[in-house]
Amino acid sequence: QVQLVESGGGLVQAGGSLRLSCAASGRTFSSAAMGWFRQAPGKEREFVATISWSGGNTYYGDSVKGRFTISRDNAKNTVYLQMNSLKPEDTAVYYCAARFTVPGTFVGFTPKEYDYWGQGTQVTVSS
């Protein structure tokens with residue numbers, strides 16, 4: 001049984017920073033491609049960032065490129081999302097997702113490409 005647990009969300013002023021964490025358990029984390037998505041009220045789930053299980057491939061959504069950084073620590077079974085220069089439009093529930101049994105270079109850009117999801121963590125950016 002795979003579990004993904006996000007943490008690190010909260011309320012921050014515009015221009016501030018947060019670091020989200022997603023702790024995985026239940027399967028070999030080092031073989032999973034990981035992704036971060038977000039969903040604001042009334043909107044579809046949006047791709048934020050993805051990282052291959054090797055860590056060598058990372059990609060970002062256009063709206064966060066240059067401000068957010070995804071990373072992983074396979075020894076700690078954790079993926080991170082460092083969010084800097086936050087804007088009010090970054091306000092959303094942030095979800096991490098995992099896809100196992102993929103090549104080391106695999107990255108996923110859509111929710112359908114992931115098998116497991118966390119419960120989400122709220123990020124609110126005030127203006």
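**Entry 1: two loop residues.** I started with Asn77, which I found in the loop between E7 and E8. This is a predicted model, and in it Asn77 has a positive phi of about 55° although it is not a glycine. Next I turned to Ser85, in the loop between E8 and E9. Ser85 is also not a glycine, and its phi is positive, near 50°. I noted a relative accessible area of 40% for Ser85, so this residue is partly exposed.

**Entry 2: salt bridges.** I found 5 salt bridges in the structure. One of them joins Arg38 and Glu46, at 2.8 Å from N to O. Arg38 is buried, at 5% relative accessible area, while Glu46 is partly exposed, at 32%. I then saw that Arg38 also pairs with Asp90, with 2.9 Å between the closest N and O atoms. Asp90 sits in the loop between E8 and E9 and Arg38 in strand E4, so this pair ties together parts 52 residues apart in sequence.

Which residue does Asp90 meet in a salt bridge at 2.7 Å, N to O? I found Arg67 there. Arg67 is in the loop between E6 and E7 and Asp90 in the loop between E8 and E9, so the pair links parts 23 residues apart in sequence. Arg67 is buried, with a relative accessible area of 10%, and Asp90 is buried at 0%. Through shared partners, Arg38, Glu46, Arg67 and Asp90 form one network.

**Entry 3: the core.** Last, I checked the largest nonpolar core and found 30 residues in it. Met34, Trp36, Leu81, Met83 and Tyr94 have the most contacts inside this core. Among the strands that each supply at least two of its residues are E4, E8 and E9.

Notes:
Residues numbered from 1 in each chain as written. Predicted model: local features only at pLDDT ≥ 70, side-chain atom pairs only at ≥ 80, totals over all residues. Heavy atoms only, no water. Core = buried A, V, L, I, M, F, W, Y, C linked by side-chain atoms within 4.5 Å. Buried < 20%, exposed > 50% of the residue type's maximum accessible area, 1.4 Å probe, protein only. Helix = DSSP H or I, 4+ residues; strand = E, 2+ residues; numbered from the N terminus. Salt bridge = Lys/Arg side-chain N within 4 Å of Asp/Glu carboxyl O.
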